[in-house]
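Subject: Structure handover and notes

Hello,

Here is the structure I said I would pass on. My notes on it follow below.

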Amino acid sequence: MRTIIFIAKRLVYSVFVLIGLSILIFTIARVMPGHPARMALGSRAPDWAVERLREEMHLNESLYVQYYYWAKDALHGDFGVSLVTRRGVANDIREFFPASLELTLYAGIFMGIMGIILGTISGWYNNTWIDNLVRIISYIGIVTPSFVFAIFFVLIFGYVLEIFPTMGRLTPGVVHPPLITKMITFDALITGHFAVFFDALKHLFLPAVSLAMGGMAQEARITRSALTDNVNKDYIASERSCGIPERTIMFKYLLKPSFIPTISIYGLDFASLLGNAFLIELIFNWPGLSRYGMNAMLRKDLNAMTAVILVFGLVFIIVNIIVDLIVGYLDPRIRLGAERTQ
Amino acid sequence: MAKPLLEIKDMYVWFKVFGGILKVLDGVNFIVYPGEKVGLVGEMGCGKTTTMKAIMRILPMPPAVIPRGEILFKGQDILKMKQVKLQHLRKKEISMIFQDPTAALNPVFTIGTQLQDTIRFAEKSGKNTEKEGIRTRAIQVLKEVSLPDPERVLQNYPLQLSGGMRQRVCISMALVSTNELLIADEPGTSLDVTIKDQILRLLKELAEKRNTSIILISHALGAVRGMTDRLYVMYAGSMVEVAKTKELFAHPLHPYSQGLLAATPRLTGGGIGEGIDGRIPEYINPPTGCRFHPRCKQAMPICKDKKPPFFKVGKDHEVACFLFQNHR
Ligand SMILES: Nc1ncnc2c1ncn2[C@@H]1O[C@H](COP(=O)(O)OP(=O)(O)OP(=O)(O)O)[C@@H](O)[C@H]1O
Ligand code: SF4
Ligand SMILES: [Mg+2]
């Protein structure tokens, strides 16, 4: 019950956050210098055509009026027409978003699990060669942009070793499973096309891993430092002095408090995935929304960029609600503290 | 006299930290006889907790190292014990109550989980099969430390309890895993005075009922005076004087003890005051010889060069000070 109230509250907040975000993005998009109508139609289009498009898009009205028109349509699920693809933005998003979501989900899972495992090993074997190795990997992971990893992995695994594909979501010729979620691995699993599932997974591997490296390194570092801090806490000493075996202390009493900071910042790391996905999608020729959004920005495709940013905002909000739920579950200080102030 | 239950012989503990080596414990000698209540007093940072953690072998290593010394418990060196023996010692024989009960309880597990695990490993087979028995026992020990509503306490997290309740929970855990020696590191210091008195009284009662030896560390000289049979005074990493508690309060001999014990009104006995000028020296470059010499009004040339050993000045009275080397 408490959980349901928590989620409901957060969802209500989220609505306000999204409204705020939409106003912000909308305003930024409109006040940016440039001529969206002209760019949409190309330099050779006659002036009257450009003027008509401006009329259609209400670009001659005041900002408030423009936002009013936009919001009215948005509430009906209509985010306008993309100036570039000339199709409904909502349609475009439905087409491109699943690929991005699939990529970031796998990257997010890899980032979380590997970050925690590496950090835990590093923390447990504090100051041994294993720890040093993990720490070096973490430093490299943090200072190297994800596209550098991408290019590097493409070279090594794609061209030299030839064990992973470097382009697209499926090997050409492999038939798409029926479209349900439009995330190929899920669709393939649901419909029982396991060969397709593994093919899609193989295609996901390099982009997801390159995308996840930075966040993974961050998570590993935070897990490690929480572990090495907590292992010297009095409560661990006290548990030892009561004769609780080392294994129980390490796996139970040490891990739970040490994972809390890692999971708390997971939401932020996930945001960095969304942000970095653009270059990864470009390098791996991944037909995703990040690429679409970046193109929209470069071409002043107002409707498209506003919608894309809102979608990412929504993903970020959902991930953070989940993160907060997990942290609340793990940490009574947060759960009970929140209860008390309510 | 009976054989010692616990005997620390010439123990050194260093901490290797970034800025150098902290030579904290500097030849500690310390004895507890069976059934005895021993007090340990000394300024903040003189190494009391470090000594006790060494006994339980819970010093963080690294940074801590023990370059020299023995801790004999019933004749066996704890520092050399194999894991199995050590676990037995922690489960059944020695236990420690930590200075700060809030820090000593794991914040993300319920009291029930922590106490029942302690019971499970200390008293039962360690298997999860005797759940009901363990729970009953947990409730029983919580009652022993006079906690009201033990069923609810078991479900609570540490942050839902008051400081005094947390302290009692810590004591209950220590009780489960002690038969022979209970180390109480400033019990109740973080609590207000009445609750602190209650805690001390509770400890004394429990120890007497079970005939457990106690090491009581406290800044409250009044409490130490009332509760202990023998008293050690510690300064900058070693024991400087030991005697029967009464005797030591009546006739402190070491210049440091004199300052320390004289610093408080004899009858009421408040906290350790600023009876002596200066403070504990740095541990990276501690003074040579007697570590007290920079603060000692009676320092002699020899004090800078040599570390004074214990000199016997009475039946149970020993002083580590060159003023007493030709005693008798
Ligand atoms: N883990 C550690 N790393 C580095 N130095 C430490 C560590 N633990 C203790 N020390 C140092 O050892 C010295 C003695 O500390 P200890 O906690 O034993 O003092 P204490 O006598 O218990 O003091 P208090 O009355 O404040 O509890 C202090 O100077 C402290 O800084
Ligand atoms: S040994 Fe010397 S310096 Fe140390 S307490 Fe005695 S007189 Fe003072
Ligand atoms: Mg202490």
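A residue is called buried under 20% relative accessible area, exposed over 50% and partly exposed in between, with a 1.4 Å probe and protein chains only. B:Val313, with 14% relative accessibility, is buried by that rule. Its place is the loop between β11 (311–312) and β12 (318–319) of chain B. The C-alpha atom of B:Val313 is separated by 39 Å from that of B:Gln167, 146 residues apart along the chain.

This is a predicted model, in which local features need pLDDT of at least 70 and side-chain atom pairs count only at pLDDT 80 or more, while totals for chains, interfaces and linings use all residues. Residues are numbered from 1 along each chain as its sequence is written, chains are lettered from A and ligands numbered from 1 in the order in which they are written, and side-chain values use heavy atoms, with hydrogens and water left out.

The eight-stranded sheet

Helices (H or I, at least four residues) and strands (E, at least two) are DSSP runs numbered from the N terminus, and two strands pair if DSSP finds at least two bridges between them. In chain B, eight strands form an open sheet with mixed pairing, in the order β6-β7-β8-β3-β9-β10-β12-β11. Its edge strands are β6 (94–97) and β11 of chain B, each of which pairs on one side only.

Two helices of chain B pack on this sheet. Here contact means heavy atoms within 4.5 Å; axes are lines fitted to C-alpha atoms, for helices over the stretch in contact, and angles run from 0 to 180 degrees between N-to-C directions. Helix α1(B) touches β3, β6, β7, β8 and β9 of chain B, and its direction makes about 145° with that of β6(B). Helix α8 (residues 193–210) of chain B touches β3, β6, β7 and β8, and its direction makes about 160° with that of β8(B).

Strand β7 (residues 181–185) of chain B runs parallel to β8(B) and is joined to it by five bridges. B:Ala184 has B:Leu216 of β8(B) as its bridge partner.

Which strand of chain B is largely enclosed by the rest of the structure? It is β3 (residues 37–41), because five of its five residues are buried. In a regular strand the side chains alternate between the two faces of the sheet. In β3(B), B:Lys37, B:Gly39 and B:Val41 point one way, and B:Val38 and B:Leu40 the other way. Four bridges join β3(B) to strand β8 (residues 213–217) of chain B, in parallel, and B:Leu40 is partnered there with B:Ile217. Another strand, β9 (residues 230–235) of chain B, is also parallel to β3(B) and joined to it by four bridges; B:Val38 stands opposite B:Arg230 in β9(B).

The four-stranded sheet

Chain B also has an open sheet of four strands, ordered β2-β1-β4-β5, with antiparallel pairing. The edge strands, β2 (20–32) and β5 (76–77), each pair on one side only. Ten bridges join β1 (residues 6–17) to β2(B), and B:Phe15 has B:Leu22 of β2(B) as its bridge partner. Helix α1 (residues 48–56) of chain B lies across β1, β2 and β4 (64–73), at about 110° to β1(B).

Helices of chain A

The axes of α6(A) and helix α9 (residues 194–230) of chain A come within 8 Å and cross at roughly 135°. Residues in the contact include A:Arg135 and A:Tyr139 of α6(A) and A:Gly214 and A:Arg221 of α9(A).

A:Thr104 is in helix α5 of chain A and is buried, with a relative accessible area of 3%. Leaving out residues up to four places away in sequence, A:Thr104 touches A:Leu211, A:Phe270, A:Leu273 and A:Leu274.

Backbone and cysteines

Most residues other than glycine have a negative phi. A:Asn127 has a positive phi, near 70°, and lies in the loop between α5 (89–124) and α6 (129–143) of chain A. B:Asp10, in strand β1 of chain B, has a positive phi of about 50° and is partly exposed, at 26% relative accessible area.

The structure holds zero disulfides over all chains (a disulfide is a pair of cysteine sulfur atoms within 2.5 Å). For B:Cys46, the nearest cysteine sulfur is that of B:Cys290, 14 Å away. B:Cys46 is buried, with a relative accessible area of 0%, and B:Cys303 is buried at 8%.

Regards
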